[in-house]
Amino acid sequence: MTEPIVDAAPAIDFDLTSLPKVSLHDHLDGGLRPATIIELAEAVGHTLPSTDPVALGEWFRESADSGSLVRYLETFDHTVAVMQTKEGLIRVAKEFVEDLADDGVVYGEVRWAPEQHLQKGLSLDDVVEAVQEGLEAGVDAVTESGREIQVGQLITAMRHADRGQEIAELAVRHRNKGAVGFDIAGAEDGFLPSRFKDAFTYLAEHNFPATVHAGEAAGLESIQSALVDGRALRLGHGVRIAEDIMVEFDDEDDDAASDEDNIGLVTLGDLSSWIRDRGIALEICPSSNLQTGAIAGFGEGIESHPLDMLYQLGFNVTINTDNRLMSGVTLTDEFELLVETFDYDLDDLLELTLNAAEASFLPLEEKEALVEYINDAYDNLG
Ligand SMILES: [Zn+2]
């Protein structure tokens, strides 16, 4: 018997879990533990596709892998169903923070849509308070275990619904009680951010920051509306901004050279220039983008993801998980994927992490402390 031959040494040969990470795009209702869903479902009488934690986790991943954003979004019917009580919300939020800490996350913005959690009679304020209670309990548990984490809520409105103004007011009302930003989520195609123009104007008038899902299931028109109507300071995914970048390959001179060496001319359109030059952060979620078909227009497989081109061109790229349960990933997994796919090294991972820290909705002093913490941790890697 011979030992298997390792044909290529990885660029980084240690566990990436301990690297300090910043998570800007992670849905609360997409990050539940399967065992918790089963327990909570039993308590509220909700029927699940499986009551075995392993099989249920597998069902979520398979549904997410279908290549359809609509089917992907259907999985949320089950997670949202068990998050309709105060107890359910507190438990899910607490475990969410503990799972982030286990993934090395030191700062996380947790997004979720309060309007989807009113089925059992709780009010919008009740559910935001319950989630905040759970998040704080999670932070306490992490602190007690000798680690550090800080989290904030991104209050999200569902784009197919019509409660934008109400949700924007809810977010502003809770700005000093856990809410750090606003977002719109759900079916992007056909529901432009301009539908929520008044809500975004209200937020801008109250100096309350917004990130907007755009450039995932829809293209440049949606991104433009996120910037103009949504005054987005960050873009949820934003990956389809690559459609506004023209790359001409010049492979006539040297057939032996790889495509990378043959990029002759890169031309940015006005929209992609604006996003790059203003440093508007892209909340890229590699595995999710592959699963929902967001990057299908750029080729097959993760190696076709335009995130590497965007990063090389100087866009403000951040790396995120989107929905850890549905995609079956952690932020550590996503980092490992980038190391394997694009040969990223620690300098790249540090830059992507600092991008996220600087794009966070933290106040400046806290942002600077976070940046320093991350730099120190990387310095101490030896
Ligand atoms: Zn998302």
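Buried means under 20% relative accessible area, exposed means over 50%, and partly exposed is the range in between (1.4 Å probe, protein chains only). Accessible areas come from the Shrake-Rupley method with a 1.4 Å probe, and for residues only the protein chains shown count as cover.

This is a predicted model: local features need pLDDT of at least 70, side-chain atom pairs count only at pLDDT 80 or more, and totals for chains, interfaces and linings use all residues. Residues are numbered from 1 along each chain as its sequence is written, and side-chain values use heavy atoms, with hydrogens and water left out.

**View 1. Asn 207 has a positive phi.** The phi of Asn 207 is near 50°, and Asn 207 is not a glycine. Asn 207 sits in the loop between helix H8 (197–205) and strand E5 (211–214). Helices (H or I, at least four residues) and strands (E, at least two) are DSSP runs, numbered from the N terminus. Asn 207 is exposed, at 64% relative accessible area.

**View 2. Asp 322 also has a positive phi.** Here phi is near 75°, again in a residue other than glycine. The loop that holds Asp 322 runs between strand E10 (317–319) and helix H13 (324–327). Asp 322 counts as buried, with 2% relative accessibility.

**View 3. Arg 234 forms a salt bridge with Glu 109.** A salt bridge needs a side-chain nitrogen of Lys or Arg within 4 Å of a carboxyl oxygen of Asp or Glu. In this pair the closest N and O atoms are 2.8 Å apart. Arg 234 is buried, at 1% relative accessibility. Glu 109 is buried too, at 0%.

**View 4. Glu 283 meets Arg 234 in a salt bridge.** The N to O distance is 2.6 Å. Glu 283 lies in strand E9 (residues 281–284) and Arg 234 in strand E6, so this pair ties together parts that are 49 residues apart in sequence. Glu 283 is buried, with a relative accessible area of 0%. The side chain of Glu 283 also makes a polar contact of 2.8 Å with the side chain of Thr 211. A polar contact is a pair of N or O atoms within 3.5 Å; within protein, one must be able to donate a hydrogen and the other to accept it, and residues adjacent in sequence count only if both atoms are side-chain atoms.

**View 5. Asp 102 and Arg 147 form a salt bridge.** Their side chains meet at 2.8 Å, N to O. Asp 102 is part of helix H5 (residues 86–102), and Arg 147 is in the loop between helix H6 (124–144) and strand E3 (150–158), so the pair links parts that are 45 residues apart in sequence. Both residues are partly exposed: Asp 102 at 45% and Arg 147 at 34%. The whole structure has 19 salt bridges.

**View 6. Asp 308 is buried but has no salt bridge.** Asp 308 lies in helix H12 (residues 307–312). The nearest side chain of opposite charge is Arg 276, 14 Å away. Lys and Arg count as positive and Asp and Glu as negative; His and the chain ends are not counted. The side chain of Asp 308 does make a polar contact of 2.6 Å with the side chain of Tyr 344.

**View 7. Ile 37 and Val 82 are 6.6 Å apart in space, C-alpha to C-alpha.** In sequence, 45 residues separate them. Ile 37 is in helix H1 (residues 34–44). Ile 37 is buried, at 0% relative accessibility.

**View 8. Six acidic residues form a negative surface patch: Glu 365, Glu 366, Glu 368, Glu 372, Asp 376 and Asp 379.** Patches are made of residues with over 30% relative accessible area and no salt bridge; like charges are joined within 9 Å, and nonpolar side chains (Val, Leu, Ile, Met, Phe, Trp, Tyr) within 5 Å. The place of a charge is taken as NZ of Lys, CZ of Arg, CG of Asp or CD of Glu. Asp 379 is found in helix H16 (residues 364–379). Asp 379 is exposed, with a relative accessible area of 60%.
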